[in-house]
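Here is a short briefing for a first look at a protein model. The sequence and structure come first, then the main points by topic.

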Amino acid sequence: MASEVGGYLLRQFEIAWQLTSFHLDGLSTEECLWRPADQGLHVRQTPDGQWRADWPEHEGYDLGPPSVAWLTWHLGFWWSMVLDHAFGDGALAREDVTWPGNADDVRAWLGRLQGQWRAVIEQATDDDLRSTRRTRWPFQDRPFGDVIAWANVELTKNAAEIGYARFLYARRPRS
C-alpha cells in the first residue's frame with residue numbers, strides 16, 4: 001500500500017465490491033432484462049446486435065425504476081469513463097460504452113474493471129490522492145482522492161440498487 005489514506009479507501013472499496021459481488025453472483029440474463037415497471041431506464045438491442053442504454057435528460061422519480069441491465073451498464077459506464085479519463089486518452093464517451101448482452105459477460109466486464117480500479121487504489125500515493133492531475137471525470141480541479149471516494153460511494157449505491165431490483169424480481173407476480 002502506497003498510502004495510509006489509500007488504505008482506508010481500499011478497505012472501503014473492498015466492502016463496496018463485496019456487496020456488489022453478492023448481488024452479481026447468480027444473476028441471470030433474464031433478471032437483467034426484466035423490467036420492474038412499464039417505465040424505467042433500460043437497455044435495447046440495436047439492429048447491429050449492440051446493447052445501448054437509455055440516457056435520461058433528468059434524474060426525477062417519474063422516470064421509473066431502472067432494470068438490472070441498465071444498472072449494470074451504468075456501473076460499467078462510470079467505471080470505464082473514470083479509468084479512461086484518468087489513465088487513458090480521455091476520449092471515451094457515453095455512446096462508446098455498451099451493455100455486454102448477458103449476465104456472464106456483465107460479471108466478466110465488471111470484474112475486469114474492478115481489478116483495474118483496485119490496482120489504481122493500491123498504487124496511489126499520498127501525493128496522487130492530493131493531486132488534481134488525473135481528475136478529469138466526473139469532475140475537475142479536485143483531488144484524485146475525491147474521485148476514489150466518489151467511485152466507492154457510487155459502487156455502493158449501484159450495488160444497493162441491483163440488490164433491490166433482484167428482491168423485486170424474486171417476488172414478482174408470476175402468471
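Which residues does UniProt list for "domain: DinB-like"? The unreviewed entry gives residues 12-162, in the numbering used here; such annotations may be inferred rather than shown by experiment. This is a predicted model: local features need pLDDT of at least 70, side-chain atom pairs count only at pLDDT 80 or more, and totals for chains, interfaces and linings use all residues. Residues are numbered from 1 along each chain as its sequence is written, and side-chain values use heavy atoms, leaving out hydrogens and water.

**The listed range**
- Residues 12-162 are 55% helix and 4% strand. Helices (H or I, at least four residues) and strands (E, at least two) are DSSP runs, numbered from the N terminus.
- The end C-alpha atoms of this range lie 19 Å apart.

**Phe144**
- Phe144 sits in helix H6.
- Gln123 is 21 residues from Phe144 along the chain, and their C-alpha atoms are 13 Å apart.
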